[in-house]
Amino acid sequence: IIILLFAWTWANNPNFIGEELKYAASFRFFPAGEAILTFSADSINGELVYRLTTSVKTNSFLDAFFEVRDEIQSWLNPDNLSLKKTIQTIREGNYHQDHQSIIQGDSIAVSDDKIREIPGKVYDPVSFVYYLRNQDLSLGNSYNFFSYDRKKIREVIVNITAKEAVQVAVGTFDCLKAEPVSRDGNPLLKNNGQMRVWLSDDSLRLPVKIEQKTNIGTMVMKLKGKNILHIK
């Protein structure tokens, strides 16, 4: 039954199922490492879900100063791509953090032996990028969601602010720029950081470029490859 459900999902749901996106990461114009986003079909207790895996690692040069080996796995509701479960393994220099959370319905998150109330469907920043990819985007549109992480739940507004051409290793794309801001006006990321995403203005809505601005510089991820994985 699960195999049949996977086959049905592959044929009838988002066209990025089975997709692996690879990015070259740079910091202050210097090569910094690689990020990989993988989206696949999976199951939890026999229930069909999607799994989004985000991995980030620094290159050998930066490893000597500040090694990063981050992996976040997010299991998503197939109806709206909201979070059902997340496992985070963060390794950034001397900072190590492991976190697991299970979302129960639209009201409770169970994490690290704690129960937290949530205001409804929640997303992490990367899963919401995939939600946007499944929408009919146009300049001037705005989208609201509740952002979930280990410490905070906050309401976020994503504005489609511009159309821009973006050149990356795999070509030049006409893109829509998405800029998330918090409803309360506070910075979304630590150290007054900001995030921007450029999505290709076509049916694929590829996240061509992802930019994170912080008080010490800008981290930029540019698409360098796209693969289609096979269902096993």
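Mentor: Two strands pair if DSSP finds at least two bridges between them. Keep that in mind as we look at this predicted model.

Trainee: How do you know that E6 and strand E7 (residues 108-111) pair?

Mentor: Four bridges join E6 to E7, and the two run antiparallel. The rule asks for at least two bridges, so E6 and E7 count as paired. One example is Ile 103, whose bridge partner in E7 is Ala 109. The two strands form a hairpin with three residues between them, and Gly 105 in the turn has a positive phi of about 65°.

Trainee: What makes strand E5 (residues 83-92) and strand E6 (residues 95-104) a pair?

Mentor: Eight bridges join these antiparallel strands, and at least two are needed, so they pair as well. Here Ile 87 has Gln 100 in E6 as its bridge partner. This hairpin has two residues between its strands, with Gly 93 in the turn at a positive phi of about 60°.

Trainee: Now the side chains. Why is the contact of Glu 47 and Lys 84 called a salt bridge?

Mentor: Their N to O distance is 3.5 Å. The cut-off is within 4 Å for a Lys or Arg nitrogen and an Asp or Glu carboxyl oxygen, so the pair qualifies. It links distant parts of the chain, as Glu 47 is in strand E3 (residues 47-58) and Lys 84 in strand E5, 37 residues apart.

Trainee: Why is Glu 47 called partly exposed?

Mentor: Its relative accessibility is 40%. Buried means under 20% and exposed means over 50%, so Glu 47 falls in between.

Trainee: What makes Arg 196 and Glu 211 a salt bridge?

Mentor: The N to O distance is 3.5 Å, and the limit is 4 Å, so this pair passes too. Arg 196 lies in strand E13 and Glu 211 in strand E14 (residues 207-214), so the pair ties together parts 15 residues apart in sequence.

Trainee: Is Glu 211 buried or exposed, and how do you know?

Mentor: Glu 211 has 11% relative accessibility. That is under 20%, so Glu 211 is buried.

Terms used. Residues numbered from 1 in each chain as written. Predicted model: local features only at pLDDT ≥ 70, side-chain atom pairs only at ≥ 80, totals over all residues. Heavy atoms only, no water. Salt bridge = Lys/Arg side-chain N within 4 Å of Asp/Glu carboxyl O. Buried < 20%, exposed > 50% of the residue type's maximum accessible area, 1.4 Å probe, protein only.
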